[in-house]
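Me: I want a close look at a single part of this model. Take me through how the piece is put together, then show me what else stands out along the chain.

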Amino acid sequence: MDNSIILIGYSGHAFVVCDILYKNDIQIKGYCERHVKHNNPFNLEFLGEESKYDFVDQEVFIAIGDNRIREKVFLALSKRAIIGDDVYHPSAEIGCLCELGSMAMIGANAVINPLSIIGDGAIINTGAIIEHECKIGAFVHIAPGAVLAGNVTVGERSFVGARAVVKQGVVIGKDVTIGAGAVIIKDVPDGVTVVGNPGRIMIK
């Protein structure tokens, strides 16, 4: 990553990204959004909508919390801009032989232990623990304080809520929502919401 970047999106999650970028001495050129944000704590320049901005030779970081929207914007901008590398807070611990995808974000005090794989655009948020040999799919969000024991797999675009715990070896499918504080002790199929201790699938 060079020493400057454009943010795509500028609200709550983006503020965390800003903090991480600044702590790594990476300058932010400005942000792209649908309209000017009046809540502008980092005093960033509004550059306009990303669909209309000329990103030639410009590096971007997509700071959008919603997994599906982050993926959609990532795919669109990968044809028009330079997608940023992974970024991680200086307090994060990343073990040896880990693989971090493009534009992965690793928050403060997060731990990723050896031989884990983190997909493109994934968020490993504040204080989350990813144990050895986990596989985190693209555009997943592991929320603050969640704990994944060894050899857990999480499918694309899934969300693991704050303080959730996932037993070793469990496979979580794609587009899954794991509720805050849930305890997951068995595999989870695609596209469901799981809550409680032990985790149970919510019936719509």
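Reply: S1, helix H1 (residues 12–23) and S2 make a right-handed β-α-β unit. The model is predicted. Start with the strand pairing inside that unit. S1 and strand S2 (residues 27–32) run parallel and share five bridges. In that pairing, Ile6 sits opposite Gly30 in S2.

Now the side chains of S1. Ser4, Ile6 and Ile8 point one way. Ile5 and Leu7 point the other way. All of them are buried. Buried means under 20% relative accessible area.

Follow S3 onward. Asp66 lies in the loop between strand S3 (59–62) and helix H2 (67–77). Its relative accessible area is 38%, so Asp66 counts as partly exposed. The side chain of Asp66 reaches the backbone nitrogen of Arg68 at 3.1 Å. Phe159 is 93 residues from Asp66 in sequence. In space, the C-alpha atoms of Asp66 and Phe159 are 9.6 Å apart.

Next comes another sheet description. An open sheet of six strands is ordered S6-S9-S12-S15-S18-S21, with parallel pairing. S6 and strand S21 (183–184) stand at the edges. Each has a single partner strand, so one side of each is left without a neighbour in the sheet.

Strand S18 (residues 165–166) pairs with S21 in the parallel sense, over two bridges. Val165 stands opposite Val183 in S21.

Glu93 is in strand S6 (residues 93–94). With a relative accessibility of 53%, Glu93 counts as exposed, because the cut-off for exposed is over 50%. Leaving aside neighbours within four places in sequence, Glu93 is in contact with Ala110, Val111 and Ile112. Val16 is 77 residues from Glu93 along the chain, and the C-alpha atoms of Glu93 and Val16 are separated by 17 Å.

In S6, Glu93 is exposed, and S6 is an edge strand with a single partner.

Conventions: Residues are numbered from 1 along each chain as its sequence is written. This is a predicted model: local features need pLDDT of at least 70, side-chain atom pairs count only at pLDDT 80 or more; totals for chains, interfaces and linings use all residues. Side-chain values use heavy atoms; hydrogens and water are left out. Helices (H or I, at least four residues) and strands (E, at least two) are DSSP runs, numbered from the N terminus. Buried means under 20% relative accessible area, exposed over 50%, partly exposed in between (1.4 Å probe, protein chains only). A polar contact is a pair of N or O atoms within 3.5 Å; within protein, one must be able to donate a hydrogen and the other to accept it, and residues adjacent in sequence count only if both atoms are side-chain atoms. Contact means heavy atoms within 4.5 Å. Two strands pair if DSSP finds at least two bridges between them. A crossover is right-handed if, with the strands pointing away from the viewer, the path from the first strand over the helix to the second runs clockwise.
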